[in-house]
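Student: Please take one part of this structure and look at it closely. I would like the wider setting too, in one connected account.

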Amino acid sequence: MLKIENLTATVGEDDETKEIIKGLTLEVPAGEVHAIMGPNGAGKSTMSYVLTGRDGYEVTGGSATLNGDNILEMEPEERAAAGLFLSFQYPVEIPGVPVMTFVRTAMNSQRKLRGEEEISAADFLKKSRAVAAKLKLTPEMLKRPVNVGFSGGEKKRLEIFQMMMLEPGFLILDETDSGLDIDALRIVSDGVNELRSPDRGMLVITHYQRLLDHIQPDKVHVLANGKIIATGGPELALRLEKEGYDGVLSEAA
Amino acid sequence: MAALKDLFPNPNAAELELAGLYAGLKANPQRERNFEAFAQTGLPHTRVEAWKYSDLRNAVQSLPEAGVETEMTSAFVSADATVIEIGSGVPKLPKGMRVASEENLTALGGAEDLPVAALGAALTRAGQSLLIEVTQSPEKPVHLVFDTVSANAFQRVSFVVRKGVQFSVLESHIRSGGFSSIVLEYSVEAGAALERFIYQKAVTSAVQVTTCIIHLADDASLSQAGIGFGAKLARMETQVYHHGENAKASINGAYLVGDGYHLDQTSLVRHAQPHCETEQLVKGAVMDGGRAVFQGKFFVAKKAQKTAAQMAHNALILENGGEVNAKPELEIYADDVECAHGNTVGALDETALFYMRQRGIPETQARALLTRAFIGEALDDMPEALGEILMEEAGAWLTERL
């Protein structure tokens, strides 16, 4: 499904240019959930921005494909239409654009890019009501501008709302657990688990083991200094939680 | 007349032609006062402080001969309102309104500070100026449509809104070429409420000046909002006088200025009595080759204690080469007031754009959506149906250009 081979990428321009991703290789087959863990500054967020095509991040080598298609050549919106969804570590405020307008515009834009019909207003409303109820989002919240005045937990729930509405083929969750209390963590994880399916892949970026208690990964990768230095099963996350990164880092060195 | 001509320091062809137009009109002492007030400045240029960003003299070097270039219609045609065309005879007015005078030549108050308005008032021919009394709230809003096609248009409409009356006006200022100076006056009596909604659009050869002077008595209120797209040079000027206590004014506006267009939104609010409130929010966006001017001034007299006045202007530069000139000013002589102004000029938030694109919204659409939402805040207080008409127009404009 998602296949990254020997990817290198830089951030910044001219004298400020810095190589952050230094030969990253990773494969997430359809139906699997992989976790990426790693110390601060390892390149976890950079990896998610490089894969989704944010300006200011330049790929200098290697490849990344989704279902065989080279995503690195696509515009960010084309990558979204191809099924790539990033749940942001810090969801962005969009003043003046209500949630419902935003999600419907996004859904129809993706459908248009894929050459599909727009969703009818009635179908959209029905679906959004059902999803909102699961995530305990009130209709009033969905009328408010995207993320404006939302608490940290509400913002993350809104990310999951968008995910469940858009039903992307591949999810990248960038520290979705940060800023969540126990209840919110459960709601968010339930949402994510509901999306697990044989034809969907997920990459869960996290600092902490606790999210992986709720979203159980098939594999755990350790990202350090711009590349994957260790891969294992869920037990690897437990070991990291107990020992910290030092042990794994010294083994790799 | 020779004396008048001498008043122009160094007349250009247009000023001589304007003097010629004046000479051809029926003499009248008020008309003469208005024209003299204009002649003291002539067509204002960048060395006239109030016009430092809008060089009218340069924009009108000689008077145009023909007006019509393209058919243009106002977005307000779809609004549920009673249309009044200014300049085509004595209009039929709805119940509660009457024409008090078909030729209102009264000298314009403060004309020396408003040379172009004084010119407009001086050059109105019979049928081009009206004094209208509003004694009862009309059932529907009134939609004023001004001359859109004449090479030179000078029109004036003055309203007296009687005590306690609610009066809602839509103004369409559309020009398909030529030079125009339109003057509006609203005298809003005690407890009366004026709603003024404005649509301005013109071609890049039109030079258009609209001046509106609003007087608010005790407990009177003004709620103003609108959208403007500019012209070769368009100036939409609003002057508000808080003459009474507890008067309230909200003067908001949105603008979108494209390549080849210039839009100047200038306002002056004078607080003369205690306990008055003014709120102003102007938001707009400019493209490469477009220029927007915002000049806002709040004057608070020594006597006007407890004045509460807030001014904000926020602009987006959508492309390199767009230009925004802003001059917010407070001049306060009272010591117990709450007054503030804020001004920002910036670009669209790149993080928000990426977030939207990551969700599948193409860049141009994301930019249009963000810009529309940005300027839309200035129209939030409008009645929903009217606000939507203007927002739809803004959306179409952005989609076409981004």
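Tutor: Helices here are DSSP runs of H or I with at least four residues, strands are E runs of at least two, and both are numbered from the N terminus. The model is predicted. Chain B is the part to look at.

By that count, chain B has 8 helices and 19 strands. Its radius of gyration is 21 Å, close to the 21 Å that the globule rule gives for 402 residues, so chain B is as compact as a globular protein of that length. Along the principal axes, its C-alpha atoms fill a box of roughly 70 × 45 × 45 Å. Buried residues make up 57% of the 402.

Now the surface. Chain B exposes about 15500 Å² of accessible area, and carbon and sulfur atoms own 46% of that. Its charged side chains number 34 positive and 50 negative. The centres of these two sets lie 3 Å apart.

Go inside next, to helix α5(B). This helix covers residues 115–122 of chain B, and 8 of its 8 residues are buried, so it is largely enclosed by the rest of the structure. Buried means under 20% relative accessible area. The buried residues of α5(B) run from Pro115(B), Val116(B), Ala117(B) and Ala118(B) to Leu119(B), Gly120(B), Ala121(B) and Ala122(B). What covers them? The cover includes the helices α2 (13–23), α3 (29–41) and α4 (56–59) of chain B. It also includes the strands β5 (152–161), β7 (179–188) and β9 (207–216) of that chain.

Strand β6 (residues 166–175) runs parallel to β8(B), and 10 bridges join the two. Within that pairing, Val169(B) has Arg196(B) of β8(B) as its bridge partner. Strand β10 (residues 221–228) also runs parallel to β8(B), joined to it by 8 bridges. There Tyr199(B) has Ile227(B) of β10(B) as its bridge partner.

Is Phe299(B) buried or partly exposed? It counts as partly exposed, because its relative accessibility is 24% and the buried class is under 20%. Leave aside its neighbours within four places in sequence. Phe299(B) then contacts Leu268(B), Val269(B), Arg270(B) and His271(B), along with Glu331(B) and Tyr333(B).

Lys306(B) is not a glycine, yet it has a positive phi of about 65°. Most residues other than glycine have a negative phi. As for cover, Lys306(B) counts as partly exposed, at 45% relative accessibility.

Chain A gives the setting. It comes to 10 helices and 12 strands. Its radius of gyration is 18 Å, close to the 18 Å from the globule rule for 253 residues, so chain A is as compact as a globular protein of that length. Its C-alpha trace spans about 55 × 40 × 35 Å along its principal axes. Of its 253 residues, 53% are buried. For contacts in chain A with a separation of 6 or more, residues 24 or more positions apart account for 69%. The accessible surface is about 11300 Å², with 47% from carbon and sulfur atoms. Chain A carries 28 positive and 39 negative charges, whose mean positions are 6 Å apart.

Chain A has a positive phi to check too. Asn67(A) is not a glycine, and its phi is about 50°. It lies in the loop between β4 (57–66) and β5 (69–70) of chain A.

Terms used:
Residues numbered from 1 in each chain as written. Chains lettered and ligands numbered in written order. Predicted model: local features only at pLDDT ≥ 70, side-chain atom pairs only at ≥ 80, totals over all residues. Heavy atoms only, no water. Rg over C-alpha atoms; globule rule 2.2 N^0.38 Å. Buried < 20%, exposed > 50% of the residue type's maximum accessible area, 1.4 Å probe, protein only. Areas by Shrake-Rupley, 256 points an atom, 1.4 Å probe, with all protein chains shown as cover. Lys, Arg positive; Asp, Glu negative; His and termini not counted. Charge placed at Lys NZ, Arg CZ, Asp CG, Glu CD. Pairing = 2+ DSSP bridges. Contact = heavy atoms within 4.5 Å.
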